[in-house]
Amino acid sequence: MRPFDYQRPDGLDHAALLERDGGALIAGGTNLLDLMKLQVETPDTLVDINRIGLDELEPTDDGGIRIGALVSNSVCAADPRIRADWPVLSRAILSGASGQLRNKATTGGNLCQRTRCYYFMNIDMPCNKREPGTGCSALNGRNRIHAVLGANENCIATYPGDMAVAMYALDATVEIAGPDKASRSVKIRDFHRLPGDMPQRDNVLEPGEVITGVTLPAPVGGTQLYRKVRERSSYAFALVSIAAVIRMEEGAISHASLAFGSMAHKPWHDPRIDAALTGAKPSDALFDKVADLLLENAEGYGENDFKIPLARRTVKAVLREATGAST
Amino acid sequence: MKLAINGTTRTFDGDPRTTLLDFLRRDCDLTGTKKGCDHGQCGACTVLVNGQRINSCLTLTVMHEDDEITTIEGLGTPQDMHPLQSAFVDHDGYQCGYCTPGQICSAKAMLDEAKAGWPSVVTEDLTAEIDLSGDEIRERMSGNLCRCGAYSNIIDAITDVKEAAR
């Protein structure tokens, strides 16, 4: 680990200023400290925001809930309100990492976690995300865990998390504070970026901006599933994951919201999929159409080609289960 | 800054890069806590911070002012073992023993988490009372790896302690 200056800000504004001046925010630290040991991250200043609040879950006026940025993954997943009304979020969080890591990992930090691309984490290899302009080693390298949607020759890394995938399906909003007491809200579906020509930028946060919380809209009920396909049944990242919120009325789908993990540089949400499902009666033909929409521009890079048929089969299985089309 | 380790107040004013794991082993001479992977993947470094289990390799000592840390040495002693320690002995819940302190600290907090009603990904009904089946224990202990493969005996040991606590 490279030496750094450790700072504890006296509040949010102070944290934002320190971050604007090049400090790296640390909350749980489970990803950042790992990357600092590997010298992938080498901040001059570490800004410890653990003692500035932002650690509560509070109901919102419109029946939703606001999850503070420093609420731990464990506390969020176990919260009785989340378990009862937004269970897909509990399921997604609980499918990730281990009990130890979830106790430290936070809501805001989880959103900002970096890719687990082998080349991003190896400072001896070229990587456009870590060192723009050096090239993408994964493109013609080991790329089993890499993206099949929305990638380009600059970067085929995936966003690896689970929590955010459920938040995409739940249409959450990220609340962000900036320096000088500015604040803004960003739909979570617009929070993470595709690589484009700036793969070094994972999300839309600007210097000096700090995530303060994530707001979930009022519960929509229905069946909520998080299906995670991975190499082993626990404590592993997804190869493909799907968060699904499906409500049925009189044999037809009255509400549908799907999001997909570990397939792209961000959790994947395609509004055409939700629109195709909403109002329709469940059928294999409908589920095939959904898979076609999801995968129409999918592209494999060799070792990850399998993700395309895997995603097709997984989305159809999830839709059959969520609509009760078969068991 | 000060923090409490196994009930004893300690002072830390070292390099901020010092992980809690290195502070415990190097500066406090508490070598029960093990360094396995040093990247949060194996769980050998698991300790309790204010009662919660964490990987001590992935946290900085300087971030723990006024926190209460419990290591394996704080759970029990050879003369006065914690029930989990006794159960691991009874069931041969190890071979080389390197992962054992982490397994036991993790199991202690895991039982408390279940008692508090925390679900896991294998919990079928998220709103029902937690029944710690073998599958539940396996899932909840998946952050602790044992290369010797003593898992089935570890599950038996933890199950014994769970049953005794009823």
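## Salt bridges

A salt bridge here is a side-chain nitrogen of Lys or Arg within 4 Å of a carboxyl oxygen of Asp or Glu. Glu136(B) and Arg140(B) make one, with their closest N and O atoms 2.8 Å apart. Both sit in helix H5 of chain B, four residues apart, about one turn of the helix; helices (H or I, at least four residues) and strands (E, at least two) are DSSP runs, numbered from the N terminus. Glu136(B) is buried and Arg140(B) is too, where buried means under 20% relative accessible area, exposed over 50%, and partly exposed in between (1.4 Å probe, protein chains only). Elsewhere, salt bridges with shared partners link Lys37(A), Asp22(B), Lys35(B) and Asp38(B) into one network.

Helix H5 (residues 134-140) of chain B also holds Arg138(B) and Asp135(B), three residues apart, about one turn of the helix. Their salt bridge has its closest N and O atoms 3.1 Å apart. Arg138(B) counts as partly exposed, because its relative accessibility is 47%. Over all chains, the structure holds 35 salt bridges.

## Ground rules

What you're looking at is a predicted model, so local features need pLDDT of at least 70 and side-chain atom pairs count only at pLDDT 80 or more, while totals for chains, interfaces and linings use all residues. Residues are numbered from 1 along each chain as its sequence is written, chains are lettered from A and ligands numbered from 1 in the order in which they are written, and side-chain values use heavy atoms, with hydrogens and water left out.

Back in chain A, Asp202(A) pairs with Lys129(A), the closest N and O atoms being 2.6 Å apart. Asp202(A) is in the loop between strand E7 (183-187) and strand E8 (210-216) of chain A, and Lys129(A) is in the loop between helix H7 (107-111) and helix H8 (163-169) of chain A, so the pair ties together parts 73 residues apart in sequence. Asp202(A) is buried, with a relative accessible area of 13%, and Lys129(A) counts as buried at 5% relative accessibility.

## Where the chains meet

Now for the interface: 38 residues of chain A are in contact with 39 residues of chain B, contact meaning heavy atoms within 4.5 Å. The size of an interface is often given as the accessible area lost when the parts come together. Between chain A and chain B the buried area is about 3200 Å², with carbon and sulfur atoms giving 55% of it (the accessible area, 1.4 Å probe, that two parts lose on being put together, summed over both). Arg83(A), Arg91(A) and Gln100(A) supply 22% of the area that chain A buries against chain B, more than any other three residues.

The salt-bridge count between chain A and chain B is two. The side chains of Arg8(A) and Glu65(B) meet in a salt bridge at 2.7 Å, N to O.

## Pockets and cavities

Rolling a probe the size of a water molecule over the atoms shows where empty space is left. On a 1 Å grid over the protein atoms alone, a cavity is a set of points where a 1.4 Å probe fits but cannot get out, and a pocket is an open set with protein on both sides within 12 Å along at least five of seven lines; lining residues have an atom within 4 Å of a point. Grid points are joined across faces, edges and corners, and a volume is the space filled by probe spheres set on the points. The second largest pocket comes out at about 540 Å³. It has 21 lining residues, the closest to its centre being Asn50(A), Leu70(A), Asn103(A), Lys104(A) and Gln52(B). Helix H6 (99-104) of chain A and strand E4 (52-55) of chain B are the elements that give two or more residues to this lining.

By this rule there are three cavities of 30 Å³ or more, and the largest cavity has a volume of about 110 Å³. Its lining includes Asn103(A), Arg53(B), Trp118(B) and Arg140(B). H6(A) gives the largest share of that lining, three residues.

## Two residues up close

Ile65(A) is in strand E5 (residues 65-68) of chain A and counts as buried at 1% relative accessibility. Its C-alpha atom is 5.3 Å from that of Leu216(A), 151 residues apart along the chain. Not counting residues up to four places away in sequence, Arg272(A) touches Leu293(A) and Glu296(A).
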